[in-house]
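Colleague: Could you take a close look at the packing in one part of this model and walk me through it? I'd also like to know what lies behind each term you use.

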Amino acid sequence: MDNVDRVGVGFEVGDEVEAGDETGDKARIGTGDGAGTGREAADDEERSGPEREWDREPHPSDSMRTFGAVVQALREHTGLSRAELGTWVRYSKHTVASVELGRRMPDRAFVERAELALGNTGALRKAARHLTRGEIGLAAWFRQWARLERKAVSLATYECRLVPGLLQSEAYARAVFDNSIPLLTDEQAEAQVAARMDRQRMMRERPTVPFSFIVEEAVLRRGLGGPQVQASMLDHVLELTAPRNVTFQVVPLWLEFHGCLDGSLQILETPEGRWLGYSEGQQNGRLISDRKEMRLLCQRYETLRSQALNPKESRDLLERLRGEL
């Protein structure tokens, strides 16, 4: 059976995403059990002074900042100073300040003790379930989508600018970031490349999830990075799109009709059966959950699928392009 039939985008769009509904993974709040062990006491003593540079998270996440704001609001409502809360949680006032400012990931002991000190409403325990560390190399506007796609039961992508990030070879990704304006430092570029390669792992780790890609032929012909980079990119795309759960189609240059002229698009289905979209522009990205808008986007994507080359023709084109290099 042609695997194009296995990747339907569909039109049954689910409810809109509620704030905080699917924006984070399970809590990453350390391994402490809340008991005042000798090691924990030693740690508390070590942290009694001003915050040290290496105690901070290198890339604080939005969820850490939000959690910190909740801690601060509850503390002020209770009438405690940071030093007084520090006594309750057995950490210094500097650690409390770091958590409130979103610069430090709280461990389980901090969450449990702060919960008891600040009214035991359950707010902090619930908020902690959505704590995630900052994701190095991912743009702030893309992080929410990156978390959603890791749990998606299907994913569809149309690209008219670059090879989709999930299909980029390491050399191609490096060429992309080498062209960033303003220029990135070597460390920043390496972090971006590493994050992109790490994101691709789900292509191999989720062999039953349908992935659909539609890419413009012009993107595949663009000489970004030079012939060697192009060759590695085409080899990589051929490898990653070979499995039965992956569909890859090319929009040929000679196409007279086009269903997605408004730009690149990503669509996913959540485990709950909701359909969400993502579109990206200059220095921004937008998560789309409106049901009417999603119906339109799904219709456009399905129209373009019918207009593009079929998977076999698309693969043949990739192999011809590879042979020309």
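Modeller: Happy to! Axes here are lines fitted to C-alpha atoms, for helices over the stretch in contact, and angles run from 0 to 180 degrees between N-to-C directions. Helices (H or I, at least four residues) and strands (E, at least two) are DSSP runs, numbered from the N terminus. This is a predicted model, in which local features need pLDDT of at least 70 and side-chain atom pairs count only at pLDDT 80 or more, while totals for chains, interfaces and linings use all residues. Residues are numbered from 1 along each chain as its sequence is written, and side-chain values use heavy atoms, with hydrogens and water left out.

Let me centre on α8. Helix α8 covers residues 170-178 and packs on helix α9, residues 186-199, at an angle of about 140°, the two axes lying 9 Å apart. That makes α8 oblique to α9; angles under 35 degrees count as roughly parallel, over 145 as roughly antiparallel, 65 to 115 as roughly perpendicular and the rest as oblique. The crossing of α8 past α9 is right-handed, meaning that the near helix is turned clockwise from the far one by less than a right angle, with anticlockwise giving left-handed.

Which residues make the contact? From α8 come E170, A173, R174, V176 and F177, and from α9 come A189, E190, Q192, V193, R196 and M197, contact being heavy atoms within 4.5 Å. Sorted by class, the contact of α8 with α9 has six nonpolar, one polar and four charged residues. Ala, Val, Leu, Ile, Met, Phe, Trp, Tyr, Cys and Pro count as nonpolar, Asp, Glu, Lys and Arg as charged, and the others, Gly among them, as polar.

Within α8, the residues Y172, A173, A175, V176 and F177 are buried, that is, under 20% relative accessible area, with exposed over 50% and partly exposed in between (1.4 Å probe, protein chains only). These buried residues of α8 pack against α9 and also α12.

That leads on to α12 itself. Helix α12 (residues 227-240) crosses helix α14 (residues 311-324) at roughly 155°, and their axes come within 10 Å. That makes α12 roughly antiparallel to α14, and their crossing is left-handed. Here A231, L234, D235, V237 and L238 of α12 meet R315, L318, E319, L321 and R322 of α14. By class, this contact has six nonpolar, no polar and four charged residues.

For the setting, the chain has 14 helices and six strands, and 46% of its 325 residues are buried. Among contacts in the chain with a separation of 6 or more, 79% are between residues 24 or more positions apart.

A search of the whole structure turns up zero disulfides, a disulfide being a pair of cysteine sulfur atoms within 2.5 Å. C260 is in none, and the nearest cysteine sulfur, that of C160, is 8.9 Å away. With a relative accessible area of 5%, C260 is buried, and C298 counts as buried as well, at 0%.
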